[in-house]
Amino acid sequence: MLEESTESEWQSEVKTGTTIIAVEFNGGVVLGSDSRVSAGETVVNRVMNKLSLLHDKIYCALSGSAADAQTIAEMVNYQLDVHSIEIGEDPQVRSAATLVKNISYKYKEELSAHLIVAGWDRRGGGQVFVTLNGLLSRQPFAVGGSGSSYVYGFVDAEYQKGMSKEDCQQFVVNTISLAMSRDGSSGGVAYLVTIDEKGAEEKCILGNELPTFYDQ
Amino acid sequence: ELAHSYVSDKFFLLLISYFCTFRNAVLEFECNKLGHSIPAARKTGTTICGVVFKDGIVLGADTRATEGMIVADKNCSKIHYISPNIYCCGAGTAADTEMTTQIISSNLELHSLSTGRLPRVATANRMLKQMLFRYQGHIGAALVLGGVDCNGPHLYSIYPHGSTDKLPYVTMGSGSLAAMAVFEDRYEQNMEEEDAKRLVRDAIAAGIFNDLGSGSNIDLCVITKGKVDYLRPHDMANKKGVRTGDYKYKRGTTGVLAKAVTKLDLEVVEETVQTMDTS
């Protein structure tokens with residue numbers, strides 16, 4: 001017991017636990033995440049923004065090992081900057097997702113992070129890509145992280161094609177809120193990013209402003 | 001492995017690298033298989049923390065270094081210099097934090113000479129996280145990095161696997177929970193310097209008195225634009241008391257029966273005195 005209290009602190013890896021979600025709507029995407037980062041049983045950061053910028057209109061949502069996810073996001077951010085200068089225009093969301101997928105696949109034995117890539121580009125409009133374990137798949141919406149298991153039923157039932165921007169934002173907030181209340185590794189505040197033709201808009205919803213459901 | 005000759009001390013540090021981590025891990029495993037154990041690495045147990053206030057950063061640390069359950073150093077320095085405007089507290093394995101901060105400090109100085117500008121805290125953060133990620137957590141250095149640059153005061157916490165968080169207040173080490181409790185209760189935005197120093201002092205004190213891995217004194221480092229106050233010690237929270245009893249006996253306690261004196265022909269060549277801490 002004495003040994004543990006002095007040594008366990010830095011030996012357990014920092015994970016993002018997490019609930020992340022990305023949804024497409026006509027003209028853009030909405031990404032959402034919780035904000036809890038844990039190391040073993042301790043919460044080391046209760047306000048981390050897991051929606052990381054890859055480019056002006058392309059964001060990715062981080063989950064899994066914090067170090068792995070942050071490193072992948074920073075590497076792809078750099079590669080996208082170079083790529084966008086080379087092609088002389090804003091990169092496609094598919095390019096960003098491919099760069100993430102390449103790293104995730106090549107180092108799949110060493111890394112344990114899952115990034116959901118979502119954004120808006122001129123050719124394809126709003127797009128959501130999953131890159132779990134090194135695959136690349138475009139989906140109308142995607143959930144990830146430890147909290148996602150609790151809300152698969154909810155998202156499958158509530159998602160409808162052709163939702164408006166506001167409906168999408170409400171859908172994302174509801175999902176995050178439900179997952180945070182059931183998953184121990186998710187919590188804190190909810191971050192929302194809405195990306196459309198005009199750009200990316202970040203929002204933070206504090207704990208007491210989140211929607212409440214049965215038993216709250 | 002190491003090049004010699006014309007390079008100066010600072011450059012030398014650049015070339016020292018961790019070629020041996022894998023070999024060391026294998027050696028340790030083989031050694032344990034044979035039934036022997038490698039000497040325990042000295043860890044810093046520790047409570048370290050940092051806070052952003054109105055004009056800058058306050059970093060705080062305790063001063064106990066442990067080797068297993070024994071205190072190896074009662075007054076070690078855990079706040080390391082990175083650059084004139086950036087300092088870093090280190091928790092985890094003492095050697096790892098010491099060497100990592102020295103390497104990054106050296107690289108940052110070269111970088112700063114190359115750019116001609118005062119280094120930024122974000123640069124130090126990137127260098128540290130990329131190096132720690134490269135070693136996949138085998139370098140046990142958990143750091144609190146703080147400084148003031150052209151963009152204002154910044155505070156980062158850096159974990160051994162290479163993830164970082166940028167926050168207004170952070171704590172690390174075995175006493176981090178005790179210190180965080182104090183911060184969560186009393187932190188406010190835009191504090192004055194004296195309030196910030198008192199808050200950090202109280203947070204470290206919480207770690208010192210409630211965590212076995214932390215103890216002794218409280219060191220503080222206040223960084224503002226153009227000025228650094230390295231207060232070591234800021235607060236001697238655990239001063240050793242004065243002994244009231246004595247083991248010396250008075251002359252005459254034992255009776256003397258006989259006395260015989262033999263003179264030795266000796267010449268004093270050199271006399272040096274080195275005091276031992278017998279208090």
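How many salt bridges are counted between chain A and chain B? In this predicted model, the count between the two chains is three. One of them joins B:Lys129 to A:Glu74, with 2.5 Å between the closest N and O atoms. The polar contacts between chain A and chain B amount to seven residue pairs, with both residues at pLDDT 80 or more.

The largest share comes from H1(A), which supplies seven residues. Sorted by class, the side of chain A that touches chain B comprises nine nonpolar, six polar and eight charged residues.

The extent of the interface can be described by residues and by area. Contacts involve 23 residues of chain A and 25 residues of chain B. The size of an interface is often expressed as the accessible area that is lost when the parts come together. For chain A and chain B, the buried area is about 2100 Å², and carbon and sulfur atoms account for 58% of it.

Aromatic pairs were also counted, and the total over all chains is eight. One of these is formed by A:Phe141 and A:Tyr159, a tilted pair with a centre-to-centre distance of 4.6 Å and an angle of 40° between the planes. A:Phe141 belongs to strand E11 (residues 141–144) of chain A, while A:Tyr159 lies in the loop between helix H4 (152–158) and helix H5 (165–182) of chain A; the pair therefore ties together parts 18 residues apart in sequence. Both A:Phe141 and A:Tyr159 are buried. These two residues also take part in a cluster, in which ring pairs link A:Phe141, A:Phe154, A:Tyr159 and A:Phe171.

A tilted pair is also found in chain B, between B:Tyr87 and B:Tyr230. The ring centres of B:Tyr87 and B:Tyr230 are 5.9 Å apart and the planes stand at 40°, so the pair is classed as tilted. This pair links distant parts of the chain, with B:Tyr87 in strand E6 (residues 86–92) of chain B and B:Tyr230 in strand E12 (residues 227–235) of chain B, 143 residues apart. B:Tyr87 counts as buried because its relative accessibility is 12%, which is under the 20% limit. B:Tyr230 has a relative accessible area of 32% and is therefore partly exposed.

Key: Residues numbered from 1 in each chain as written. Chains lettered and ligands numbered in written order. Predicted model: local features only at pLDDT ≥ 70, side-chain atom pairs only at ≥ 80, totals over all residues. Heavy atoms only, no water. Contact = heavy atoms within 4.5 Å. Buried area = accessible area lost by both parts, 1.4 Å probe. Salt bridge = Lys/Arg side-chain N within 4 Å of Asp/Glu carboxyl O. Polar contact = N/O pair within 3.5 Å; in protein donor to acceptor, adjacent residues only side chain to side chain. Helix = DSSP H or I, 4+ residues; strand = E, 2+ residues; numbered from the N terminus. Nonpolar A, V, L, I, M, F, W, Y, C, P; charged D, E, K, R; others polar. Phe/Tyr/Trp six-rings, centres within 6.5 Å; stacked < 30°, edge-to-face > 60°. Buried < 20%, exposed > 50% of the residue type's maximum accessible area, 1.4 Å probe, protein only.
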